Amino acid sequence: MLRTISTARSSISSVKFDDCKGNNKLNFEVSNPDFTVELDGNLVARKNVSEVGKALFVHARSEHAEDMAEIFILEANERHGALKEIIKLEGNLGIPRQKRAILATPILIPENQRPPFPRLVGKVIRSEGTEGVKFRLSGKGVDQDPKGIFRINEMNGDVSVTRTLDREAIANYELEVEVVDMNGKTMDGPVRLDISVIDQNDNRPMFKEGPYVGHVMEGSATGTTVMRMAAFDADDASTDNALLRYNILRQTPTKPSPNMFYIDPEKGDIVTVVSPALLDRETMESPKYELVIEAKDMGGMDVGLTGTATATILIDDKNDHAPEFTKKEFQATVKEGVTGVIVNLTVGDRDDPATGAWRAVYSIINGNPGQSFEIHTNPQTNEGMLSVVKPLDYEISAFHTLLIKVENEDPLIPDIAYGPSSTATVQITVEDVNEGPVFHPNPMAVTKQENIPVGSVVLTVNATDPDTLQHQTIRYSVYKDPAGWLEINPTNGTIGTTAVLDRESPFVHNNVYTALFLAIDSGNPPATGTGTLHITLEDVNDNVPSLYPTLAKVCDDAKDLRVVVLGASDKDLHPNTDPFKFELSKQSGPEKLWRINRLNNTHAQVILLQNLKKANYNIPISVTDSGKPPLTNTTELRLQVCTCKKSKMDCSAADALHISLTLILLSLLSLFCL
C-alpha cells in the first residue's frame with residue numbers, strides 16, 4: 001500500500017520560473033486543489049498527501065510569458081534528487097518510471113492561448129518503446145465533434161492542440177489513446193487521456209435577473225435587509241476568476257444621507273444603514289432611490305473584471321399620519337324633496353396617495369337618526385361626498401347638524417391616533433319648496449255596479465297640502481278619464497258620473513276602470529298632486545247571448561243529418577251567462593223538418609229529420625242566458641241544402657227559398673198591427 005509522504009503545510013519542492021523581464025505580476029496555478037505554490041516558489045501541500053504517483057500541473061504566468069510543468073508525487077525514498085527543477089523554460093517534463101505499457105498523464109491547457117498553433121501540450125509514453133508501432137488518439141475533440149482540436153504524433157506520442165480553447169464552452173475532454181502495429185492491430189490500450197482547460201479570467205460578472213426592485217418600509221430599523229443582488233460569472237467557480245465582491249458605486253438621490261444603504265460584499269444583501277428617523281418617506285426628496293451596484297471578480301482585486309446593474313429601492317409608506325379635515329365646520333343648503341350630493345368634505349393626509357394609508361373612509365357618527373344622509377369617498381380626490389338619500393321635509397325640520405369622522409382604510413401604526421382634526425361638523429339648511437297636495441289614500445278604490453244612473457256619486461276624494469305653514473287652498477280637476485264617464489267638484493272633490501258605466505267597455509280592464517285626478521294648490525307658482533281612482537264595476541245582466549255560427553251547409557242526399565253544432569256566448573259574467581237554453585221556433589208544414597239537441601251548457605246541435613230538397617232555409621233559434629231576469633236572443637240559422645256530386649258541393653239557390661212558418665206568421669201579424 002502507498003503511504004503518506006507529506007503532511008499539511010509541508011514544502012514538497014520548489015519551482016523556478018523566469019521570463020527574463022523581472023517576473024512582473026507572476027502568478028502560479030496548481031491543477032490539484034490539495035497543493036499550492038507560494039510566492040517564493042515553494043510547492044506546499046494543503047493537507048496530508050497519501051496518493052503516491054498522483055500527477056499535478058503547475059501553470060506559471062507573468063506579465064510577459066507563461067509556461068506549464070507536470071509534477072509526480074513519489075515515495076519518500078525516491079524524492080531526494082528527483083525534483084530539482086520542475087519548470088523548464090523549454091517545457092520539458094520529468095517523467096518517472098511506470099509499470100504500465102502506456103503512460104497517459106492528464107493534460108492541462110490554458111484557455112485563450114494565442115497562436116502559433118499547433119502547440120505541444122503533452123506526451124504519451126510507451127514503456128516498451130515506439131519501434132514498429134504507432135499512437136492513435138480518439139474521442140470528442142479528435143474524431144468526434146468538435147473534430148480536429150487535438151492530435152497526436154503517431155511516432156513519438158506528442159499531443160498537440162490546434163486552436164484556441166474556451167473553458168466556458170468545453171471544460172474537459174475525455175480522450176482515448178492506444179498503440180497499434182503498422183497494420184492497425186491494437187498492441188496496447190486503449191488508455192484514457194484527460195485534458196482539462198485551465199480557466200482564465202475572460203468573463204465579466206453579469207446581472208441576469210433584472211430589473212432589480214426592492215421595498216423597505218419607512219422607519220425600518222437600521223440593518224433591515226432590503227433585497228439581494230446576485231451576479232453570474234461564467235468563469236471557473238472554484239477559482240478567483242469567479243469569486244465576486246459587491247460594491248455600491250453611486251446612490252441617487254444623495255439626501256438625506258449619501259450613504260443610505262450598504263451592500264454585503266460577499267452575499268450581495270443590501271441593508272439600511274441610517275436611523276429610522278432618516279428613513280421618513282414624508283420628509284424625503286424622493287421615496288425612490290437608485291443604486292449603481294458593481295460586481296467585481298478576482299475577489300474584488302483591482303485586476304478583476306466588473307459588471308454593473310441598477311437597484312431601485314422604494315420606500316414604502318406606513319400609516320403614520322392621520323387624515324385631518326381642512327376645517328372644523330362645513331355648510332350646506334338643500335331644497336326639501338331633493339336628493340343627491342350637497343357638499344364635498346376636504347381632508348389632508350401626508351401619506352402615500354397610492355395606498356390605503358391615504359385613502360379616506362368617512363362615517364356619520366351623529367345627527368342622522370332617519371338615515372336621510374350618506375357619505376362616500378371620491379376615489380380621485382379623497383373628498384367625502386355627503387348626499388341626501390331620503391328627501392328632507394322643511395315642515396318637519398329646517399336645520400340638520402351632522403358629526404362626520406374620517407379614518408384611513410389601513411389602521412394607524414400603534415403610536416399614532418386619530419385626533420380632534422379627524423372629525424368635523426356639517427350644518428345643513430333645508431329650504432322650503434311649494435309642494436303639491438297629496439291624496440289620501442292614493443290610489444283610491446271603490447266598487448260600483450255598472451249601469452248606475454247618470455249623476456250618481458262615485459266617491460269624494462281628500463287631498464291635503466304638505467305646506468302646512470302656508471295655509472293654501474286646493475282645487476280639483478279631472479286629469480285622465482279615458483271613457484269620459486266622470487266629473488269632479490272643483491271645491492269639495494266629489495266625483496260623479498256623466499255617462500253610464502259599462503263593465504263591458506274596452507276601457508275597462510279586469511273589471512276595473514281607472515281615472516286620474518289633480519289637486520292644485522294656490523301657491524305661486526301653484527303645485528299639483530295626482531291621485532289615482534280605481535272603480536271596480538260589478539256585472540249586471542245587460543247583454544243578450546249571441547249564437548254562432550249563423551250559416552250551415554248540408555248535401556241533399558246526406559246520410560248524416562247532424563247539420564251543425566251551435567255555440568252561445570255572453571259578454572256578461574257568471575251567473576249572467578251559461579248554462580244557456582236553446583229552442584227552435586215553431587215549424588211550418590204538416591211535418592217537422594229538424595230538431596235541436598242540447599250538448600252542454602254552451603253548445604247545441606241542429607239535426608235534420610229527413611233529407612230536404614236543394615234550397616236555402618232560415619231556421620229561427622232562440623238562446624236564453626241564466627241571468628235574473630234572463631235575457632233571450634233569437635237568431636236565424638241559414639241552412640243551405642246543396643247538390644253533392646263527386647265530392648263537389650253545388651249550393652246555388654235553384655229552388656225557391658223555403659222560410660219558416662214562424663217568420664211568415666210574424667210578418668202577417670206586423671201587417672195587421674199597422
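How many salt bridges does a search of the whole structure find? The search finds 18, a salt bridge being a side-chain nitrogen of Lys or Arg within 4 Å of a carboxyl oxygen of Asp or Glu. This is a predicted model, in which local features need pLDDT of at least 70, side-chain atom pairs count only at pLDDT 80 or more, and totals for chains, interfaces and linings use all residues. Residues are numbered from 1 along each chain as its sequence is written, and side-chain values use heavy atoms, with hydrogens and water left out.

**View 1. The salt bridge between Arg126 and Asp188.** The closest N and O atoms are 2.6 Å apart. Arg126 lies in strand S10 and Asp188 in strand S15, so the pair ties together parts 62 residues apart in sequence. Strands (E, at least two residues) are DSSP runs, numbered from the N terminus. Arg126 counts as buried at 10% relative accessibility; buried means under 20% relative accessible area, exposed over 50%, and partly exposed in between (1.4 Å probe, protein chains only).

**View 2. The salt bridge between Glu583 and Lys581.** Here the closest N and O atoms are 3.5 Å apart. Glu583 is partly exposed, with a relative accessible area of 34%, and Lys581 is partly exposed at 48%.

**View 3. Strand S31, residues 423–431.** Ala424, Val426, Ile428 and Val430 form the covered face. Side chains in a regular strand alternate between the two faces of the sheet. S31 pairs with S24 in the parallel sense over seven bridges, where pairing requires at least two DSSP bridges between two strands. Ala332 stands opposite Ile428.

Conventions
Helix = DSSP H or I, 4+ residues; strand = E, 2+ residues; numbered from the N terminus.
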